[in-house]
Amino acid sequence: YYVEVTKNENSFETAPFLLEVPSYISNKGYAKTMNVYPKNKVTTPTPGKDVNELGNNDSGAKVGDQVKWYLKGTIPADIADYKTYEFQDTLDKALTYDESFTPVVTVGTTKLEEGTDYTVTKPGADRMFKVTLTKAGQKKAAAVLKAADGQTPSADEIGDIKENTDKPPFIEVEFATQINA
């Protein structure tokens with residue numbers, strides 16, 4: 001069977017696929033029930049966070065060192081329709097936000113522009129660092145996702161992914177802190 005799902009109020013458009021019926025399972029016989037879960041559309045973003053480089057989950061540093069952080073998120077299929085797409089990170093008390101480093105936001109290999117595509121909220125008393133995509137930024141992310149045929153890293157892959165490419169792209173926020181004395 002050729003299966004094609006189109007977007008409606010209860011589903012998201014996915015790439016067409018072939019389903020062979022009956023399906024034979026080795027050493028078990030023919031499947032009596034088949035469930036289909038198209039995997040190429042993400043409707044809920046999955047976050048990830050790395051330190052000093054993409055794919056690195058821990059790192060040593062000493063007092064006064066600059067530490068770079070990478071916040072990552074998968075791209076939901078309907079990101080252009082999101083009311084808000086935002087990254088938030090509460091800084092540990094041992095860290096100070098590094099004002100000398102300008103945050104960098106990319107979607108795949110596309111660099112977004114601060115003010116036009118996203119806004120940055122620097123940590124205050126709440127120690128919360130935020131990056132919020134504007135509608136223009138969300139539209140750019142949607143275009144990058146569309147160019148990648150709707151492919152974005154899976155929830156399992158986003159945690160350890162080491163490179164942001166155009167196939168599969170994700171949203172990446174790079175910022176820096178310093179280790180306090």
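In this predicted model, D50 and K72 join their side chains in a salt bridge, with N and O 2.6 Å apart. D50 sits in strand β5 (residues 47–51) and K72 in strand β6 (residues 66–73), so their pairing ties together parts of the chain that are 22 residues apart in sequence. Both D50 and K72 are buried.

That bridge belongs to a set: the whole structure holds seven salt bridges. Another of them joins K62 to D65, whose closest N and O atoms are 3.5 Å apart. Here K62 counts as exposed, because its relative accessibility is 59%, while D65 is partly exposed at 24%.

Next, look for D149 and K167, which meet in a salt bridge of 3.2 Å, N to O. This pair links distant parts of the chain, 18 residues apart: D149 is in the loop between α1 (135–147) and α2 (155–158), and K167 is in the loop between α2 and β13. Both D149 and K167 are exposed.

Now move on to strand β13 (residues 171–179), where you will find E172. Leaving aside neighbours within four places in sequence, the residues in contact with E172 include L54, Y70, L71 and V104.

How values were computed
Residues numbered from 1 in each chain as written. Predicted model: local features only at pLDDT ≥ 70, side-chain atom pairs only at ≥ 80, totals over all residues. Heavy atoms only, no water. Helix = DSSP H or I, 4+ residues; strand = E, 2+ residues; numbered from the N terminus. Contact = heavy atoms within 4.5 Å. Salt bridge = Lys/Arg side-chain N within 4 Å of Asp/Glu carboxyl O. Buried < 20%, exposed > 50% of the residue type's maximum accessible area, 1.4 Å probe, protein only.
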